[in-house]
Amino acid sequence: MTEKNSVPKRDRILDAAEELFAEHGYDGVTLRRIATAAGVDVALANYHFGKKLDLFQAVFNRRAELLNGARREALHDCQKKAGTKGPSVEQIIEAFLRPLELTQETGDEGWRHYLALIAYINNSPYWGPRMMSSLFDELVQEFIKALKKALPKASEADIYWCYHNLSGALTLTLANTGRIDKLSQGQCHSADFQAAYDHMIPFTAAGFRKICSS
């Protein structure tokens, strides 16, 4: 029995859909193509998930709880260590980002595809407002609340604009397009996740401090 065939068929469908949606987007993939990649009949994909839209949502939902849990745990841990004064802007942003880095560094292709799918959805004016809020807004608001405490003189609008810029930088990192590889002529690599987050954390923290203190 091959390694692929040892995976339950329902999971094989989700894995194939995750990869194909991440690479080609929602409109670039058919349910039949997903079924073929999973090595199952299209009727079985219909049986487990119904329409393509339902499968798209199932793929997006599958890993969200684990990801949210890791980020929430990181935030609560840094808050506990900081005591009543609360964590710094850098510590809050690090709690928000490092779990993503650790996930990307596992070498698990499924996580790589899932995070690329998040980037695709977050960057889409159609899918973003329809899918991101239900799974991630509650968590983001916890981080926003922590940032408000760390930046007590900041207006809420400034904090949200700074988060908007952080989200944009994160989306490009999750997409892992290789763009920086070519621009830097090989000096930087989009798959060097530690370097990406080592730069993103202080860069965005400095932006928060600059905007929120003016």
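In what order do the elements of the chain run from the N terminus on? They run α-α-α-α-α-α-α-α-α-α-α, and the legends below take up parts of that chain in turn.

This is a predicted model, in which local features need pLDDT of at least 70 and side-chain atom pairs count only at pLDDT 80 or more, whereas totals for chains, interfaces and linings use all residues. Residues are numbered from 1 along each chain as its sequence is written, and side-chain values use heavy atoms, with hydrogens and water left out.

**View 1. The whole chain and its helices.** The chain has 11 helices and 0 strands, where helices (H or I, at least four residues) and strands (E, at least two) are DSSP runs numbered from the N terminus. Along its principal axes, the C-alpha trace spans about 60 × 40 × 35 Å. Of the 214 residues, 42% count as buried; here buried means under 20% relative accessible area, exposed means over 50%, and partly exposed lies in between (1.4 Å probe, protein chains only). Among contacts (heavy atoms within 4.5 Å) between residues at least 6 apart in sequence, 72% join residues at least 24 apart.

**View 2. Helix H4 and what covers its buried residues.** In H4, which comprises residues 52-62, the buried residues are Lys52, Leu55, Phe56, Val59 and Phe60. Seen down the axis of H4, these buried residues fall within an arc of 135 degrees, so they line one face of the helix; the arc is that of the directions from the helix axis to the C-beta atoms. The cover over the buried residues of H4 includes helix H1 (9-24), helix H2 (31-38) and helix H3 (42-49), together with helix H5 (64-82), helix H7 (109-122) and helix H8 (127-150).

**View 3. The contact of H1 with H3.** Two packed helices are described by the angle between their axes and the distance between the axes. The axes of H1 and H3 come within 10 Å and cross at roughly 95 degrees, which makes H1 roughly perpendicular to H3. Axes here are lines fitted to C-alpha atoms, for helices over the stretch in contact, with angles running from 0 to 180 degrees between N-to-C directions; angles under 35 degrees count as roughly parallel, over 145 as roughly antiparallel, 65 to 115 as roughly perpendicular and the rest as oblique. On the H1 side, Lys9, Arg10, Ile13 and Leu14 meet Leu44, Ala45, His48 and Phe49 of H3. The residues of this contact divide into 5 nonpolar, 1 polar and 2 charged, with Ala, Val, Leu, Ile, Met, Phe, Trp, Tyr, Cys and Pro counted as nonpolar, Asp, Glu, Lys and Arg as charged, and the others, Gly among them, as polar.

**View 4. Two spans listed by UniProt.** For "domain: HTH tetR-type", an unreviewed UniProt entry lists residues 13-59; the end C-alpha atoms of residues 13-59 lie 9 Å apart, and the span is 77% helix and 0% strand. For "domain: PsrA tetracyclin repressor-like C-terminal", the unreviewed entry lists residues 94-207, a span of 78% helix and 0% strand whose end C-alpha atoms lie 14 Å apart. UniProt positions are given in the numbering used here, feature names are shortened, and annotations may be inferred rather than shown by experiment.

View 5. Arginine 72 lies in H5 and counts as partly exposed at 24% relative accessibility. Not counting residues up to four places away in sequence, arginine 72 touches Glu138, Leu139 and Glu142. Arginine 72 and phenylalanine 143 are 71 residues apart in sequence and 8.6 Å apart in space, C-alpha to C-alpha. Glycine 69 also has its place in H5, where it counts as partly exposed at 33% relative accessibility; glycine 69 and alanine 17 are 52 residues apart in sequence and 24 Å apart in space, C-alpha to C-alpha.

**View 6. Two loop residues with a positive phi.** Most residues other than glycine have a negative phi. Asparagine 176, although not a glycine, has a positive phi of about 50 degrees; asparagine 176 is found in the loop between helix H9 (156-175) and helix H10 (179-183), and is partly exposed with a relative accessible area of 23%. Glutamine 185, likewise not a glycine, has a positive phi of about 55 degrees; glutamine 185 is found in the loop between H10 and helix H11 (193-212) and counts as exposed at 75% relative accessibility.
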